[in-house]
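Hi,

Here is the structure I promised to pass on to you. Please have a look at it first, and then read my notes below.

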Amino acid sequence: MPSPVSAARQILTNLHEVMASRNNAQSKLNQVVDLIGESLDSEVCSIYLLREGMLELFATRGLNQDAVHVTRLAIGEGLVGSLAEHVETLNLAEAAAHPDFSYRPETGEDKFHSFAGVPIVRMERAVGVLAVQHVEPRRYEEVEIEALQTVAMVLSELIANAGLIDDADAVAASPMLTDPRQLSGLSLVKGLATGHAVFHQPRITIEHVMAEDTEAERARVLSAFDKMREQIETMSNQAEFGVGGEHDEVLETYKMFAYDEGWTRRINEAIDSGLTAEAAIERVQQRTRMRMRQIDDPLLADRMHDLEDLANRLLRIVSGQVSTAARLGLRDDTILIARNLGPAELLEYDRRRLKGVILEEGSLTSHVVIVARAMGVPVLGRIRGLRGMIREGDLILVDGAQGIANIRPTQSVVEAFEARSARSRERQARYAALRDVEPFTKDGERITLMINAGLRDDVPMLNLTGADGIGLFRTEFQFLVSAALPQRDRQTRLYRDVLDTAGDKPVVFRTVDVGGDKSLPYLRGDEENGGDENPAMGWRALRLALEREGLMKAQARALLEASAGRTLNVMFPMVSEPWEFDAAKAVFDAQLAFLRSRRKVLPEQIRYGVMLEVPALAEMLDVLAPKLSFVSIGTNDLTQFLFAADRSNPKLAERYDWLNPSILRFIRRVVRTLAGQQIDITVCGEMGGRPLEALALTGIGIRRLSITPASVGPHKAMFRKIDTRELAEQMEQWLNEPVSDLRGALTEWADEREIEWE
Ligand code: PEP
Ligand code: MG
């Protein structure tokens with residue numbers, strides 16, 4: 001008995017001969033069924049191909065020849081139709097016992113008990129089925145199934161080359177990919193968008209299945225493995241998950257698979273059997289998919305997902321198709337589809353063409369979402385299996401408000417959506433009309449509404465929204481979009497431009513906050529930071545900046561020079577202990593002294609502040625307060641530390657509500673600690689941009705918010721309807737004797753008062 005590999009190789013060699021012959025496609029198919037029937041010692045071997053949306057028997061050995069081109073099955077009909085529909089393999093000892101079994105008398109198949117079938121796949125869709133049947137009820141061996149899968153790959157190449165099927169036909173026959181669908185996910189950035197699907201990582205089509213030179217294929221796969229491992233090592237050394245901003249757990253799984261000997265061995269065996277590197281990777285992947293389908297365990301399903309990702313990465317490397325859609329030319333109305341993205345990856349996209357983003361993962365405060373919010377691009381997240389339900393170019397309606405995406409919508413859905421979009425535009429126009437209206441509450445309290453920004457293009461939003469200033473300018477965005485550390489003069493230019501555009505309105509510059517999910521490929525810290533297994537709590541922000549003295553000095557000088565003759569508001573991120581503030585300020589003092597010695601024009605005034613993100617600092621605020629002009633509460637980080645819940649971990653994305661007594665009591669305590677001192681307290685995390693959360697914050701005494709520009713108008717409208725004293729009393733009551741559903745209670749409170757808070 002030959003080894004499975006040499007048996008597979010023999011089949012492929014024979015197939016090669018068949019394919020290379022000058023016979024027409026039909027006679028090649030006839031030869032293939034004979035060949036496979038003999039090799040697997042199977043009484044029946046049949047090939048069904050998709051024609052006009054039906055699976056037609058094209059060739060058979062063992063069934064009645066009269067049935068050829070007569071027997072036709074719909075997708076989903078019978079065993080053949082069902083495995084084509086689900087693109088899965090079936091291996092049954094007793095075919096008739098399967099619920100999908102349907103008997104076709106013209107074929108004479110009633111005497112055959114066992115059945116095994118594999119889909120013939122093109123562009124991830126079944127375009128046909130290869131099936132074997134046997135009189136005796138027996139299950140086929142795994143190696144036999146693998147041989148069938150290999151043959152199916154070769155057939156896919158043959159039928160494409162021979163023009164036996166049309167790719168469009170394949171897609172048309174797959175309801176998963178053709179019918180309208182509504183997917184619901186988590187609303188990450190509100191807004192409505194209409195556009196067409198573009199995959200962040202375009203799919204790979206395998207052109208050649210059979211290898212000309214096995215050794216060359218082996219070398220290709222080896223070097224692709226090396227490259228992939230290198231990439232993964234780099235990601236983990238940067239303590240960042242380059243492609244996705246995902247978390248450590250996934251990275252660990254990636255590593256485990258990347259070094260998994262079983263995986264490499266199986267790919268090598270597939271190459272030994274005569275496949276190209278691409279086909280071998282795909283073959284092994286099919287086998288894994290098949291096995292995983294049989295296991296009903298969500299944890300394993302996640303792992304499967306990771307392995308799919310890694311296999312795709314390997315395929316991209318081996319086929320040299322490594323670019324993302326951002327670099328391949330983008331259509332004008334792109335709805336970007338990805339598992340996850342890093343903020344730098346998103347920034348590579350042209351924001352005029354990017355209309356919406358749908359992610360399989362994602363969480364409200366991950367930086368990619370913050371960037372999208374700043375770009376004004378609606379984002380939906382947490383849609384599992386997303387990439388299997390959408391085709392490149394599909395029309396998609398993204399409803400970021402309700403967390404819904406309509407894929408391939410019907411005309412009536414499109415019309416309803418357009419009507420909603422029109423209403424939303426009207427609402428926007430109403431908000432825009434509030435541009436010059438100051439945000440006073442019903443009882444005459446002035447709320448300061450500022451915007452968060454990070455790029456030059458964000459600054460005009462200040463005038464468009466009529467906001468009071470920029471409460472958080474994330475200076476690291478310039479670092480994220482640059483291929484190398486931005487030189488000091490480039491930093492100065494940006495800060496000066498921002499101040500010029502802002503005019504009289506204040507701008508609060510936050511010194512670089514890199515690390516965490518905002519890592520820079522050119523700024524490595526792995527040796528010093530000990531690997532950072534938990535980057536959000538690791539060597540990031542001020543911790544990193546204080547040790548990269550050159551970086552901090554250059555930025556301090558750039559900020560001081562850009563603010564010559566005006567007010568500089570500067571704040572430091574992630575301050576955990578008072579001495580860190582002192583050390584950071586000392587860097588500014590030294591640069592100031594230097595400029596003074598050079599008789600340069602200095603800022604008229606410098607106001608220093610800290611971001612309150614690390615809970616420990618709250619305990620020391622009274623000590624630090626005399627040195628501060630302002631404190632800005634970064635609720636994104638603060639809440640992740642308060643709850644010990646990674647802000648970019650999709651599994652925790654919905655777990656803790658911001659309308660939570662713990663968070664609100666914590667912030668209330670900070671407000672009380674600083675009461676009576678001349679210190680501005682602002683909330684600049686994403687929380688403040690959400691209506692009910694903003695209400696709650698106002699209710700505990702916050703009067704300054706720095707929010708996403710899109711929320712300024714709605715907030716203005718909302719605040720006009722509020723009596724802060726009444727709200728404060730109510731919040732006091734809810735926080736002193738916490739209600740179980742604060743969100744529900746606040747919603748009811750707002751609705752009763754007809755406060756518009758959408
Ligand atoms: C925050 O942590 O709330 C914050 C505003 O900073 P960033 O989101 O940039 O970490
Ligand atoms: Mg932060």
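This is a predicted model: local features need pLDDT of at least 70, side-chain atom pairs count only at pLDDT 80 or more; totals for chains, interfaces and linings use all residues.

**What I found**

Let me start with T448, which sits in strand β15 (residues 448-453). Apart from its neighbours within four places in sequence, T448 is in contact with D468, R703, R704 and L705.

**The metal site**

Which residues are the protein donors of the magnesium ion (ligand 2)? They are E613, through OE, and D637, through OD, and they lie 1.9 to 2.1 Å from the ion. E613 belongs to the loop between β19 (605-612) and α22 (615-618), while D637 belongs to helix α24 (residues 635-642), so the pair ties together parts that are 24 residues apart in sequence. Both E613 and D637 are buried.

**Around ligand 1**

E613 turns up again here: ligand 1 is surrounded by 17 residues, and E613 is among the closest, together with R474, R510, N636 and R647. A polar side-chain atom of E613 is 2.8 Å from an oxygen atom of ligand 1. In R510, a side-chain N or O atom lies 2.8 Å from an oxygen atom of ligand 1. T635 takes part through its backbone, with an N or O atom 3.1 Å from an oxygen atom of the ligand. How much of ligand 1 does the protein bury? Taken alone, ligand 1 exposes 280 Å², and the protein buries 100% of that.

As for where the shell comes from, α13 (367-375), β16 (470-474) and α24 each supply at least two of its residues. Sorted by class, the shell around ligand 1 has eight charged, five polar and four nonpolar residues.

**An enclosed helix**

Next, have a look at α26 (residues 691-699): nine of its nine residues are buried, so this helix is largely enclosed by the rest of the structure. The buried residues of α26 are P691, L692, E693, A694, L695, A696, L697, T698 and G699. After α26 comes G701, which has a positive phi, near 105°.

V87 is not a glycine, yet its phi is positive, at about 45°. V87 lies in the loop between α3 (78-86) and β4 (90-92), and its relative accessibility of 21% makes it partly exposed. R599, also a residue other than glycine, has a positive phi near 55°. Its place is in the loop between α21 (578-597) and β19. Is R599 buried or exposed? R599 is exposed, with a relative accessible area of 76%.

Best wishes, and happy browsing!

Technical notes. Residues are numbered from 1 along each chain as its sequence is written. Chains are lettered from A and ligands numbered from 1 in the order in which they are written. Side-chain values use heavy atoms; hydrogens and water are left out. Donors are N, O and S atoms within 2.8 Å of the metal (3.2 Å for Na, K and Ca); water is not among the atoms, so sites may look incomplete. Helices (H or I, at least four residues) and strands (E, at least two) are DSSP runs, numbered from the N terminus. Buried means under 20% relative accessible area, exposed over 50%, partly exposed in between (1.4 Å probe, protein chains only). A residue is near a molecule or strand if one of its heavy atoms lies within 4 Å of it. A polar contact is a pair of N or O atoms within 3.5 Å; within protein, one must be able to donate a hydrogen and the other to accept it, and residues adjacent in sequence count only if both atoms are side-chain atoms. Accessible areas come from the Shrake-Rupley method with a 1.4 Å probe; for residues, only the protein chains shown count as cover. Ala, Val, Leu, Ile, Met, Phe, Trp, Tyr, Cys and Pro count as nonpolar, Asp, Glu, Lys and Arg as charged, and the others, Gly among them, as polar. Contact means heavy atoms within 4.5 Å.
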